[in-house]
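We begin at the ligand and then move on to charged side chains.

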Amino acid sequence: MPDHDSQLASIGFVDGVPLPPPDSRDVALDASEVLAGLTAPQKRLSPKWFYDQRGSELFDEICKLAEYYPTRTELAVMRKHGAELADLVGPRAAVIEFGAGSNTKVRLLLDHLIEPAAYVPVDVSGEYLAQQAEELASDYPGVHVQPVVADFTQPFELPEHPVTPETNLVFFPGSTIGNFTRAQALELLEVMAAEAKPGGGLLIGVDLRKDPAVISAAYNDSRGVTAEFNLNVLARLNRELGATFDLERFRHEAVYDEDQGRIEMRLVSTCAQTVTIASVDVPLEQDEYIITEYSHKYSIDEFRALARRAGFVPARTWVDDDILFSVHYLKVQ
Ligand SMILES: C[S@@+](CC[C@H](N)C(=O)[O-])C[C@H]1O[C@@H](n2cnc3c(N)ncnc32)[C@H](O)[C@@H]1O
């Protein structure tokens with residue numbers, strides 16, 4: 001992951017500055033990044049490429065699955081402790097959401113916060129982001145909504161808004177932090193601490209280490225929605241880079257590594273084959289796999305220690321009764 005700090009613009013809120021029209025295109029696939037991953041000794045694709053319009057819709061379906069406990073558990077924790085959280089955050093916050101996706105969770109947050117001033121959702125899935133932001137803006141007329149289509153692992157700029165917030169609240173739900181290795185997660189948390197600024201904070205959802213059977217079931221659902229989500233990235237490469245993946249020749253696999261504390265999601269080649277991507281031939285052996293996503297799980301203490309290293313002071317951690325999922329409120333002093 002590149003170093004963001006030098007180039008990442010801080011959010012600025014300036015009276016009377018006209019807002020630029022929001023962009024609604026997806027962040028385009030980067031052919032050289034895709035090829036570098038697919039020609040490496042261990043083939044890989046970044047999970048950020050999952051999220052075109054179809055990928056975002058499939059992720060929303062995953063969130064409703066019986067086996068996929070993170071979404072409903074995180075929502076329940078936020079619902080239960082929303083009033084306490086609002087007191088900790090304070091009035092007139094600007095909420096900056098990294099990897100926003102569906103607007104369900106931010107609605108719950110905005111409903112609890114005291115006079116929220118602005119909402120800046122950042123996502124690679126531009127078309128979906130624009131729809132979600134438009135719906136939200138019409139339901140929350142007092143909140144300035146300004147979506148930003150950007151890859152948050154690269155330097156990006158946040159818009160100026162015609163309001164003056166009292167504080168910045170970075171919001172990173174869904175345990176998207178788990179998609180990053182622990183070293184990358186530290187870098188990303190440092191970017192978020194810089195964005196929250198002294199007096200601000202980060203509200204982050206983090207999936208917990210637990211019974212491996214519960215974790216495995218969440219990524220191997222019986223209806224095959226996660227498999228469809230995983231394979232959709234190949235359809236996207238075919239459409240946008242003219243690749244020649246035959247989706248029938250790959251299968252979904254998600255394996256939990258208890259030592260590493262992470263799910264490894266894979267696309268396994270079911271035969272020996274050669275796929276062409278942007279005019280480059282990529283051979284795959286039978287049973288060779290492409291890693292498409294990690295989902296790291298943390299203990300509460302492990303995550304708090306990481307947050308401290310990134311410059312945060314852990315203020316509060318909430319969990320559900322079954323201790324499946326944690327929600328942390330971290331302050332910048
Ligand atoms: C696991 S989903 C979580 C969605 C939602 N925040 C939730 O809690 O359910 C990850 C979201 O982050 C977005 N995303 C993933 N990688 C990204 C990146 N590098 N830059 C910007 N957005 C990204 C995806 O498009 C998707 O909406």
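A polar contact here is a pair of N or O atoms within 3.5 Å; within protein, one must be able to donate a hydrogen and the other to accept it, and residues adjacent in sequence count only if both atoms are side-chain atoms. This is a predicted model, in which local features need pLDDT of at least 70 and side-chain atom pairs count only at pLDDT 80 or more, while totals for chains, interfaces and linings use all residues. Residues are numbered from 1 along each chain as its sequence is written, and side-chain values use heavy atoms, with hydrogens and water left out.

| Residue | Protein atom | Ligand atom | Distance |
|---|---|---|---|
| Gly99 | backbone N or O | nitrogen | 2.8 Å |
| Asp151 | side-chain N or O | nitrogen | 2.9 Å |
| Gly174 | polar backbone atom | oxygen | 3.3 Å |

The protein buries 94% of the 590 Å² that the ligand exposes when taken alone (Shrake-Rupley areas, 1.4 Å probe). Around the ligand are 17 residues, the closest being Gly99, Lys105, Asp123, Asp151 and Phe152 (a heavy atom within 4 Å counts).

Now for the charges. Counting a side-chain nitrogen of Lys or Arg within 4 Å of a carboxyl oxygen of Asp or Glu as a salt bridge, the model has 23 salt bridges. One of them joins Glu61 and Arg223 at 3.7 Å, N to O. This pair links distant parts of the chain, 162 residues apart: Glu61 sits in helix H2 (residues 53-63) and Arg223 in the loop between helix H7 (212-219) and helix H8 (225-241) (helices are DSSP runs of H or I, at least four residues).

Terms used. Helix = DSSP H or I, 4+ residues; strand = E, 2+ residues; numbered from the N terminus.
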